[in-house]
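Open the model in a viewer and keep the selection panel at hand. The tour goes from one selection to the next.

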Amino acid sequence: MTNYQKALTQALIILDQGDSHTKARIAEIAAIVIKTVALLLPKGMPLDIDEAKLIRELEAMIAWNVGREFVLDDDTGHEQWLPAQRGTIEWKFWDRYRRYLATKPKPLQAKMIDSVDELTEQILGRIEAPNRSGAWDRRGMIVGHVQSGQEEVEP
């Protein structure tokens, strides 16, 4: 077992004690286990652990908390439409993506997928019904981490 694998295993054991963690807590645990592994090495043996890589892998493997969304909204002239039409819409792209998220090589936990579904529905509910007649103007902007959903592929 490499030093990296030892650090990863120790971190997962520690992080498994809680339900979900913040990015700061994951980084803190990574630093602690790297120091622990370093203390156990024979004198003069180099420590070959990439801390940033360890943190990224831990974030991909465990549930971590990013906090709740924050909305600035003006409902003037907006007509609620999604709850009434939700059952009539064919969500084929979301259904396919949901299956992918649940079965990909590193699947997401069901509660994380449900969270994405819930937030997406909230966003869609704030836009106007595509088939609403008459003149209306509804715009918005979503701000987030641009590459937060991408996985790093190692060469």
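Select Arg-98 to begin; in this predicted model Arg-98 counts as partly exposed, at 25% relative accessibility. Arg-98 lies in helix H5 (residues 92-103) and Asp-114 in helix H6, so the pair ties together parts 16 residues apart in sequence. Asp-114 is partly exposed too, with a relative accessible area of 40%.

Now extend the selection to Arg-86, Asp-117 and Glu-121: with Arg-98 and Asp-114 they form one network, joined by salt bridges that share partners.

Next, go to Arg-126 and Asp-73, a salt bridge with its closest N and O atoms 2.9 Å apart. Arg-126 belongs to helix H6 (residues 110-126) and Asp-73 to the loop between H3 and helix H4 (82-85), so this pair links parts 53 residues apart in sequence. Arg-126 is partly exposed at 31% relative accessibility, and Asp-73 is partly exposed at 41%.

Then select Glu-128 and Arg-132, whose side chains form a salt bridge (2.9 Å, N to O). Glu-128 is buried, its relative accessible area being 5%. The whole structure holds 12 salt bridges.

Last, show helix H2 (residues 23-40) and helix H3 (residues 51-61), which pack at about 130° with axes 9 Å apart. The two helices are therefore oblique to each other, and H2 passes H3 in a right-handed crossing. Residues making the contact include Ile-26, Ala-30 and Ile-34 of H2 and Leu-54, Ile-55 and Leu-58 of H3. The contact residues divide into nine nonpolar, no polar and three charged.

Key:
Residues are numbered from 1 along each chain as its sequence is written. This is a predicted model: local features need pLDDT of at least 70, side-chain atom pairs count only at pLDDT 80 or more; totals for chains, interfaces and linings use all residues. Side-chain values use heavy atoms; hydrogens and water are left out. Axes are lines fitted to C-alpha atoms, for helices over the stretch in contact, and angles run from 0 to 180 degrees between N-to-C directions. Helices (H or I, at least four residues) and strands (E, at least two) are DSSP runs, numbered from the N terminus. Angles under 35 degrees count as roughly parallel, over 145 as roughly antiparallel, 65 to 115 as roughly perpendicular and the rest as oblique. A crossing is left-handed if the near helix is turned anticlockwise from the far one by less than a right angle, and right-handed if clockwise. Contact means heavy atoms within 4.5 Å. Ala, Val, Leu, Ile, Met, Phe, Trp, Tyr, Cys and Pro count as nonpolar, Asp, Glu, Lys and Arg as charged, and the others, Gly among them, as polar. A salt bridge is a side-chain nitrogen of Lys or Arg within 4 Å of a carboxyl oxygen of Asp or Glu. Buried means under 20% relative accessible area, exposed over 50%, partly exposed in between (1.4 Å probe, protein chains only).
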